[in-house]
Amino acid sequence: MDHTSTLEKVIRGILLALVVIFFMFPIFWIFLMSFQTNESILRIPPSLAFTPTLENYIALVTGQMKTAAGSLQLNFMQNLWNSVLLSSASVIISLILGVPAAYAFARFKFRLGEDIAFTLLSFRFAPPLLVLLPLSLYFKTLGLTNTYIGLIWVYQLICLPLILWIVRGYFEDLSPDIEHAHRIAGYSWFQTFRKIAVPLALPGIAAAGLLAFIFAWNNFVFALVLASADKQPVTVGALAFVTASGIQYGQIAAAIIFSIIPTFVLAMFAQRYLVEGLSLGAVKG
Amino acid sequence: MTSSAMPGRPAKQSRFARKALPYLLSLPALLMCIGILIPFFTAVYYSLLRYRLNLPAMKGFIWFQNYINFFSDPKFWNTLKISLVYAGLTVVLELLLGLAIAMLLQKRTRLNNFISILLLLPLMTAPALAALMWKLMTNPNFGILSYLVSILGFPDMKWGSDPATALFTVTLVDVWVYTPFMMILLLAGLRSLPPAPFEAAALDGVPRSFVFFRITLPMLMPYILTATLFRLLDSIQQFDIIYAMTQGGPGDKLLVFQVQAYLDFFQATNVGRSAALMIILWAITYALSNVFIKQWLKLREKAHGVG
């Protein structure tokens, strides 16, 4: 394996460089754009030489956008807050509901158990608009349209199957012997679950939670159908922002950077678990 | 210790509890999702109705008429065709690229590991935002990519807004976002292969193409199948990238299932047709997901069974 020639090394190097350029360039370019004024963005030919400015970010944070026509109100910070709230609340609820269920599927063979587990998993694969469109009519009748509660409930469709199946895999990989020993020592089922099973599976639970958070954060279609401007997360908000702001390209770029940084940071923390999580635990990372 | 002193009672007490426990544990999660089954059955019902929000008086049960209409509806065949082409094109490209990159990164060097982590970033970008990023880069006035291709001799490339290049443009975004998914799964697969057959082949001086086609590929096949099926399931339902980039246009060029159903519902307010479309897509994904889950269970057993 080690008799690779110099030529091969050079070709590999070039190919890898091309790969890195293709996948990193868009992020790099939008990042640069977010520090430029509109005049500098619109230069032809595009150039890397510009005086960086924070005005795009300042405009987003203060909610005041200066255009040629005057000052415009924008609410991107509200979108950012909505994303934080929707994603965190959905993941917390999914963990509370999903971890005990995952434990049940991993430890007990019970009638309908496998059927229930598969039904829950199948939600991961069904087309979202299939349920979203009728749901939008129900939500109107129930008064759930454009409420956090309604959205967090539908977000369970993203978070719950993911957490259920990854955490189940973790519980199955743990030997039940320690739990048996604990039970024999006279502790209740719940104490054993809380003191032994959950702490041991904690890395898996944390990884599943992080992944579910990323998926919830990146979701677009749920809020597009079920929420109006004041409850929309960044994914929908950024798109609406493009329509509203028209040609404020620097601020659009800054909004994109604001929206992708949280998932990037989380991904860096969770990268060890990402492979396993993304494939629903089918592949060990 | 006290419980073993009186063996009869705790066992009796807990028999019911022990039987009910797994149901009690999984019930909350299930109840949360039961609410989702109601709109699912509603969608089935709607798909059997003549139901337009703008013409409520015409609402009525028409059995399978919505489905039967599809047969003679060129719009439907266009949707089916575009969806299949989109899914096939993206998944094949992502598989080939992902496999090639995984093989480049196979050796566990520090640089390779660093690059494989870097490549996760596109996958962590919300697809809708990724489409927006590429929209900025392909803007005809100032987009860097428009500028680059104009240097290469395509001065008036219109990317997503030209019927001739729209599919290419959204495919490019899809490839950018999802190739890393293929890559990390196949990389995990490649790195888990036993080294013995490769060492033996190297010792015997077997040509590399032979090693690739006769050893690497067959051994990697379970991983390839799992990753491909998984991506196919998502790709045939693609909505975010296409909607954020072109809203299904120009014309009917990119009206895939979910985009078409969305427009049927909110623009044409034809609830019946939109529901019938979604049921057909659901049937396709249901069949695919059954194959995927079988494949996935096999691979999972393999990955976890050894340890």
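User: In which helix of chain A is the place of Ala270(A)?
Analyst: This is a predicted model, where local features need pLDDT of at least 70, side-chain atom pairs count only at pLDDT 80 or more, and totals for chains, interfaces and linings use all residues. Residues are numbered from 1 along each chain as its sequence is written, while chains are lettered from A and ligands numbered from 1 in the order in which they are written. Helices are DSSP runs of H or I with at least four residues, strands are E runs of at least two, and both are numbered from the N terminus. Ala270(A) sits in residues 249-278, which form helix H12 of chain A.

User: Is Ala270(A) buried or exposed?
Analyst: A residue is buried if 20 or more other C-beta atoms lie within 10 Å of its own, exposed if 12 or fewer, and partly exposed in between, with C-beta atoms placed from the backbone. Ala270(A) has 20 C-beta neighbours inside 10 Å, so it counts as buried.

User: Which residues does Ala270(A) touch, not counting residues up to four places away in sequence?
Analyst: Contact means that the C-beta atoms of two residues, placed from the backbone, lie within 7 Å. By that rule, the partners of Ala270(A) beyond four places in sequence are Ala207(A), Leu210(A) and Leu211(A).

User: Which element gives the largest share of the side of domain 1 of chain A that touches domain 2 of chain A?
Analyst: An automatic or database domain assignment sets the bounds. Chain A has domain 1 (6-73) and domain 2 (76-278). Their contact takes 16 residues from domain 1 of chain A and 14 residues from domain 2 of chain A. On the domain 1 side, the largest share is five residues, from H3(A).

User: Which residue of chain B is in contact with Leu132(B), leaving aside neighbours within four places in sequence?
Analyst: Leu132(B) has partners in chain A, including Ala238(A) and Ile256(A). From chain B, the contact is Ala244(B).
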